[in-house]
Amino acid sequence: HTMRHTFAAHLAEKGMPLVHIQDLLGHDTIGVTKVYARLYEEARKAKYDYYL
């Protein structure tokens, strides 16, 4: 599970469309896949806030 999560997070970080990530992971709904994009956005914000 950790490997799948890391793989999806890297793809989202690199800008791959979520529908393609959804297809690769076999998710039935885009909502499940959106979790990865949300986690990436939170991590990016935390990194940005750290430097301020």
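**View 1. Contacts of Q22 in the predicted model.** Q22 touches H27, D28, T29, I30 and T33. That list leaves out residues up to four places away in sequence. Q22 itself sits in helix α2, which spans residues 18–25.

**View 2. Burial of Q22.** The relative accessible area of Q22 is 15%. Buried means under 20%, so Q22 counts as buried. Across the chain, buried residues make up 17% of the 52 residues.

**View 3. Packing of helices α1 and α2.** Helix α1 covers residues 2–13. The axes of α1 and α2 lie 10 Å apart. The angle between the two helices is about 160°. Angles over 145 degrees count as roughly antiparallel, and α1 and α2 are therefore roughly antiparallel to each other. The crossing of α1 past α2 is right-handed.

**View 4. Residues where α1 meets α2.** From α1 come R4, F7, A8, L11 and A12. From α2 come I21, L24 and L25. By type, the residues of this contact divide into 7 nonpolar and 1 charged, with no polar ones.

**View 5. The whole chain, for context.** The chain holds 3 helices and 0 strands. Read from the N terminus, the order of elements is α-α-α. The accessible surface of the chain comes to about 4200 Å². Carbon and sulfur atoms account for 60% of that surface.

Methods:
Residues numbered from 1 in each chain as written. Predicted model: local features only at pLDDT ≥ 70, side-chain atom pairs only at ≥ 80, totals over all residues. Heavy atoms only, no water. Helix = DSSP H or I, 4+ residues; strand = E, 2+ residues; numbered from the N terminus. Buried < 20%, exposed > 50% of the residue type's maximum accessible area, 1.4 Å probe, protein only. Contact = heavy atoms within 4.5 Å. Axes fitted to C-alpha atoms, helices over the stretch in contact; angles between N-to-C directions. Parallel < 35°, antiparallel > 145°, perpendicular 65-115°, else oblique. Left-handed = near helix turned anticlockwise from the far one by under 90°. Nonpolar A, V, L, I, M, F, W, Y, C, P; charged D, E, K, R; others polar. Areas by Shrake-Rupley, 256 points an atom, 1.4 Å probe, with all protein chains shown as cover.
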